[in-house]
Every structure is written in structure tokens, then in C-alpha cells.
Amino acid sequence: MSSRRYAILGTGALGGFYGARLQKAGLDVHFLLHRDYDWVRHSGLVVESPEGNFSLPQVNAYADVQAMPPCDVVVVALKTTQNHLLPQLLPPLLHEHNWVLVLQNGLGIEPEVAKIVGGDRVMGGLCFICSNKVGPGHIRHLDYSAITLGDYAPNYHPCGITERMQQVKQDFEQANIPIQLSEDLLLARWQKLVWNIPFNGLSVVLDATTTEMMASPPIRTLATELMQEVVAGAKACHKALPDDAIAKMLDNTAKMKPYKTSMKLDYEAGNPLEIEAIFGNPLRLATQAGASLPRMTLLYQQLQFLESRKIVLSVKC
Ligand SMILES: NC(=O)C1=CN([C@@H]2O[C@H](COP(=O)(O)OP(=O)(O)OC[C@H]3O[C@@H](n4cnc5c(N)ncnc54)[C@H](OP(=O)(O)O)[C@@H]3O)[C@@H](O)[C@H]2O)C=CC1
Ligand SMILES: CC(C)(CO)C(=O)C(=O)O
């Protein structure tokens, strides 16, 4: 049984699910909450899941990081649109030997976290999970749960498999969360983008679930062409994705229960979209490296328009 203590920054669809599963497996978990603090402090967390529903009537809930105890692993599970808060949220949680695990989608996040906490204590995880926060302290896990874990070094220099990766893997596997270890975090991030860029983006622009998109031959073709551009972008950044990356992602999507991506849920809720982490950063990196990515660029421009119109409409209302 692991004695490592976890802090969860962002007790939502992802942080709420993984944090609750870690606590259920016996680990010491401490949850930072925002609007749900009072509810979770009194009522704990409820998780619906095809892997088994469960509730945690009592959890270590906090509204302020200053009240949290020293934790061995600090999990960043905010939306990347909230990462401007990290310079305030992370420093109070740091002590000599702890690590920060970034469980967010996108590219270019770990370098920003490393500027706050130091370049030798950051890890990243790509979560292939379909989960939604459906109410205060209420997580609805729909499908999948695996995490691809990598260690971070400055400029995303590949780290290989490190001891702390093995330790975090041990903890999550104690909670029956499948963990794959990656020797190259940047490659793993590009591989997740093969999914996120087409499906998160098109789910908003087309107002469609993954099932609806996969059932449409022209959209399946467009998604495939977008995936091919992501592969080309990764290649321009000297990251060669596996030949079966596209086929695997299409197969996973075809098998996925009807799902609204996290970006579509944010759009429907009027929340800011993770456009820069998932589209802007990869596009800038790849085009600077000489890649031409017209479909990704078009989708990025459409999302920027929808985001700006949402802001304009909210001001008018
Ligand atoms: N959902 C999914 O299935 C997947 C998500 N991801 C990625 O995981 C990351 C997290 O996404 P997800 O879990 O869906 O997002 P959610 O919005 O469900 O969770 C984020 C949580 O952060 C909380 N939060 C916001 N501001 C603060 C604050 N100042 N202090 C403390 N907590 C705060 C929110 O609380 P409140 O609601 O009160 O504002 C919310 O509960 C994203 O990068 C996403 O792309 C990756 C794979 C799948
Ligand atoms: C690929 C998917 C749908 C699940 O991991 C995701 O990353 C998201 O919803 O943001």
C-alpha cells in the first residue's frame, strides 16, 4: 500500500474521478475545490462509472491551497484555461521532494509549470477517459480510464522511464487505473492530439457527438485528414508517431459510447475553450518547424471565432 499523499487541483471530471479512485484504493488524497467546496466538504464525492459506482461520504476538501497539507504528488486537473492561476496555487504546495503531475490535454503546459516549480519536478499524463462532472461533487465516468505517463525535462527532452514514473504508476494501478509509461512525453502529447484536434474541435464546430461524427462518411474523412495533419505536425517537430496511431484512434472512437468531448461541454456551458493548449500551441510549434497544416489552421480559426462571438454575446446579454 502506497503511503504517497496526493493533492488534486481541480476536482472535476478528471481530477474528481482519479482522485476518488485513489482514495477508494486507500491512498491519502486531498481535494482543492472551487464552487463545489461547501457541498463536497459536507457530502463528499459520488462517482458513477461502468467500472463500478461508488461514493466517498468524507473526503479531505479545501477551498484554499494554504490549508492543504504537504503532498507528495500535486495533480493539476484544472482546465488549461485556468492555468493562469497556477503561479498562486502551486507554490504553497511545494516542498523539497514533491512532484507536479499535469493531467491536462494539449501541448506546452509542462514548460509553463516548470517555470513555477522548477524543471526537475514536473511529470505529464495523457488521460484517455470520457468523464463529466454532472453536479457538485458528482462525477459521471462514461468510458475508458487509461493514462499515458511521461516525465518532463526542459525543452521536452525525452526522459526515458524514471523511478518516480514507476511509483506513480504503482499508485494508480493500486486504484485499478491502467497506466502506460512513455519514454517521450512530447511524443505522447502529440499522440493524444491525434484524437483531440479533430474530435474536440469538430464536436464544437459541427455541434456533434463522437458517434454522429463517426457515422458520417465525409466527417470521418475530414477527421482522418485532420489526424494526418497532426501526424505531419509531430513529424515536423521530429516526433514520429506510430504508423497505427490514426487507425487506433479511429477504432477507439468508433467503440466509444456516444460522447460529447470536454470542449463541446465547455462550449455548451459557455465556459472558455482550451483552444490555445489543444490547437494554438501545437500549430505554432509545427508551423515554426515548417509544417503546412491548412485544416488544423481552419479549425483553429473557426474555434477562435466561436469563442470571440460567445464573449461578444455574453457582453450584449
Ligand atoms: N473530461 C474528460 O473526459 C477529459 C478531460 N481531459 C482534460 O483534463 C483537463 C481537466 O478537464 P475536466 O476534468 O474535464 O474539467 P472540469 O471542468 O470538469 O474540471 C476542472 C475543475 O477545476 C475546478 N476549478 C476551476 N477553477 C478552480 C480554482 N480556482 N480552484 C480550484 N478548482 C478550480 C473546477 O471547479 P468549478 O466547476 O467549481 O469551476 C472544475 O471542477 C482538461 O485539460 C481536459 O482537456 C482529458 C481527457 C478527458
Ligand atoms: C479524447 C477524449 C474525448 C477522451 O480522452 C478527450 O480527451 C476529451 O474529451 O477531452
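This is a predicted model: local features need pLDDT of at least 70, side-chain atom pairs count only at pLDDT 80 or more; totals for chains, interfaces and linings use all residues.
**View 1. Ser55 in its strand.** Strand S4 spans residues 54-56 and includes Ser55. With neighbours within four places in sequence set aside, Ser55 is in contact with Leu45 and Val46.

**View 2. Ser55 and His138.** These two residues are 83 residues apart along the chain. Their C-alpha atoms are separated by 9.1 Å.

**View 3. Fold of the protein chain.** The secondary structure comes to 12 helices and 10 strands. The chain is as compact as a globular protein of its length, because its radius of gyration of 19 Å is close to the 20 Å that the globule rule gives for 317 residues. Along the principal axes, the C-alpha atoms fill a box of roughly 50 × 45 × 40 Å.

**View 4. Interior and contacts of the protein chain.** Of the 317 residues, 55% are buried. Among contacts between residues at least 6 apart in sequence, 71% join residues at least 24 apart.

**View 5. Surface and charges of the protein chain.** The accessible surface is about 13,800 Å². Carbon and sulfur atoms account for 54% of this surface. The chain carries 28 positive and 30 negative side chains. The centres of the two sets of charged side chains lie 4 Å apart.

Note on methods
Residues are numbered from 1 along each chain as its sequence is written. Chains are lettered from A and ligands numbered from 1 in the order in which they are written. Side-chain values use heavy atoms; hydrogens and water are left out. Helices (H or I, at least four residues) and strands (E, at least two) are DSSP runs, numbered from the N terminus. The radius of gyration is taken over C-alpha atoms; the globule rule is 2.2 Å times the number of residues to the power 0.38. Buried means under 20% relative accessible area, exposed over 50%, partly exposed in between (1.4 Å probe, protein chains only). Contact means heavy atoms within 4.5 Å. Accessible areas come from the Shrake-Rupley method with a 1.4 Å probe; for residues, only the protein chains shown count as cover. Lys and Arg count as positive and Asp and Glu as negative; His and the chain ends are not counted. The place of a charge is taken as NZ of Lys, CZ of Arg, CG of Asp or CD of Glu.
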